2 protein chains.
Amino acid sequence: MADGKAGGGRPTIYDVAREAGVSPSTVSRALSNPGRVNAVTAERVAEVAARLGYRANALARALPSGRTDTLALFVSDITNPHFFGVIRGAEHQARAAGCTLIVGDTQESPEVEARNIERLGPSVDGFVIAASRMSDEEIVKLAAGHRLTLISRQSGDVPSVIVDHAEGTRQIVEHLASLGHRSIVFLAGPPRSWVGARRWESLAAAAERHGISARRIGPFPPTMAGGAAAADAALGTGATAAVAHNDLLAIGVLRRCAERNVSVPGELSVVGYDDIFGADFCSPPLTTLAGKYEESGRTAVDMLLAMRDRDGTRPPRRRVVLPSHLAIRRSTGPAPR
Amino acid sequence: MADGKAGGGRPTIYDVAREAGVSPSTVSRALSNPGRVNAVTAERVAEVAARLGYRANALARALPSGRTDTLALFVSDITNPHFFGVIRGAEHQARAAGCTLIVGDTQESPEVEARNIERLGPSVDGFVIAASRMSDEEIVKLAAGHRLTLISRQSGDVPSVIVDHAEGTRQIVEHLASLGHRSIVFLAGPPRSWVGARRWESLAAAAERHGISARRIGPFPPTMAGGAAAADAALGTGATAAVAHNDLLAIGVLRRCAERNVSVPGELSVVGYDDIFGADFCSPPLTTLAGKYEESGRTAVDMLLAMRDRDGTRPPRRRVVLPSHLAIRRSTGPAPR
DNA sequence: GTGAAAGCGCTAACAC
DNA sequence: GTGTTAGCGCTTTCAC
């Protein structure tokens, strides 16, 4: 704060140039492209810059170059611990590449996603959208005008990284089948969730192969609060096992069951997705499909950077699929008879 | 992605100006200061802008004006669920004010904090630093050159918002005393944590008033992993109650106790700070000092915006202290005899 | 290898 | 009211 504008009094390349007895353009070169300048000149410029405490103005640099060294990450709900890992991974990788990361919450809204992208367009080098709620058409359209990578979503040939759902969900069903369950209920999350749709598809397919009945109920808000309604509805179906859209919902189910004195897994087995913070210490600890979400954040940023750095050229990898594994804990057990 | 630079082909005010038959400056005015322009001109400009899909380039706008409509929030560890609330509150308030929020992880490092501020300086309208690890001198120095507000930290007359610790900690001690505990151990967190120091001070003072013995051990990393060592050390002291630096550490202690078959609260009562996600469903659910951290995020952003908007003038409030309250759950119980 | 000059897209005096 | 003219601080041809 202090007085007046924030950048006040900051030395510019002109100050450095005058002090070093060279032209501003030489300072610019010396600082960002030391190779293209006489070694001793470069040295002197660097020395003067350091002495004056010169720091490049990222804004001014970005305007002519079009390069901001800033990346944006949007998540559908910043409240969901699931995204911690994603954010952390992205933040880490962005910083490693010398970039600043902007994190935004799109609040489950495709409109907010689109608006943010339009608004931030020139201010960032690209976007990572996690769990986008936009339609495929919207995504493909935006991807034509902006660098874009997707997490937990596949759409056209937009570069994406997801965690395996098919094989993982098959493992869930097998696990449940081996415990004697014959009737599973899937607790659906947001209607626009791409992973939600995939999870249900995989579940239905796997259940069919095992001759197990599977039905879907919902949608429920993918929150702990949503878990109460989901639990009540699940209990009403007579199913012996519930597979929730995600861990937040699953933990909500656990709480509701405890309130209603329904034994888990005695009367109902519960499975979640994501293995979020808390899944291993809730009670009972939750059986859940774990994925490397931190890595998904890192990978999505990597792909974005690759797109930027070899512009025009296609990035090396598109459609990355990370492995998942079933973390079996105490919320699943033998089916009641 | 597509072809070439990200901003490519975006219409500028020049395009709008030509199409609307006015000068660029009129477009600029019409769009950002409609009052200072003829009503029908303004209307026409707006119409053309909409038709062309014109969107202001935030970067270009920020350079001459010095105003970026972007705020930065730094947290000491983006992994700690405690900051979810802070981030959410800040993000919400920033968006409500039409600002973009940059979220950064400073990894418990005062150097990273300082460097980020220097680097981002001209690119943002101000900084919110949560749980700063910098020294008072550094903070005050930086606050002279940048707009800055603090969360969970007080330093000089830099605007800050904290959650009450004195009264809250007194309540913890009273709660413990009423359960018959006569010996408390405080599990310290990061040495540079300002709140950590305040919590221990308050605890020691309150314990003394109650004639209870209190000692401090540590420091421990403020993570669940750190809780294992903390639990072992705490158990070695013979204290009947442990007050942890924060909930992450406290939940780690709970887990370690479970592993070692130490009954909580039968043999050891455990108290945390922050009431993070998970504190109410770990086992046993954690007694903890809850605070309105989401509100702290909102308030810090508000103060920052106030500083920016009435520049030079002092902001209305400095040193906000939000109330805390003790959430008593099952991790505390009568002292063993 | 280095300097001069022309912008990047926008805002903000300053004239008219 | 509206247009003209300078920049904001930097990068980047283009000459020399």
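A cavity is a set of grid points where a 1.4 Å probe fits but cannot get out. This report describes such spaces in a predicted model.

**The largest cavity**

The space in the largest cavity amounts to about 250 Å³. Its lining consists of 24 residues, and those closest to its centre are A:His82, A:Val195, A:Arg199, A:His245 and A:Asp274. In chain A, at least two lining residues come from each of helix H5 (82–96), strand S5 (160–163), helix H9 (194–209) and strand S9 (269–274). At the level of domains, domain 2 (66–163 + 293–321) and domain 3 (165–292) of chain A each contribute at least three residues to the lining of the largest cavity.

**The second largest cavity**

The volume of the second largest cavity is about 180 Å³. Nearest its centre, among 18 lining residues, are B:His82, B:Phe83, B:Ala131, B:Arg133 and B:His245. Helix H5 (82–96) and helix H9 (194–210) of chain B each provide at least two residues of this lining. Because domain 2 (66–163 + 293–321) and domain 3 (165–292) of chain B both give residues to the lining, the second largest cavity lies between them.

**Composition of the linings**

The table sets out the residue classes of each lining.

| Cavity | Nonpolar | Polar | Charged |
|---|---|---|---|
| Largest cavity | ten nonpolar residues | eight polar residues | six charged residues |
| Second largest cavity | six nonpolar residues | seven polar residues | five charged residues |

Note on methods. Residues numbered from 1 in each chain as written. Chains lettered and ligands numbered in written order. Predicted model: local features only at pLDDT ≥ 70, side-chain atom pairs only at ≥ 80, totals over all residues. Heavy atoms only, no water. 1 Å grid on protein atoms, 1.4 Å probe; cavity = no way out; pocket = protein on both sides within 12 Å on 5 of 7 lines; lining within 4 Å. Points joined across faces, edges and corners; volume = space filled by probe spheres on them. Helix = DSSP H or I, 4+ residues; strand = E, 2+ residues; numbered from the N terminus. Nonpolar A, V, L, I, M, F, W, Y, C, P; charged D, E, K, R; others polar. Domains from an automatic or database assignment.
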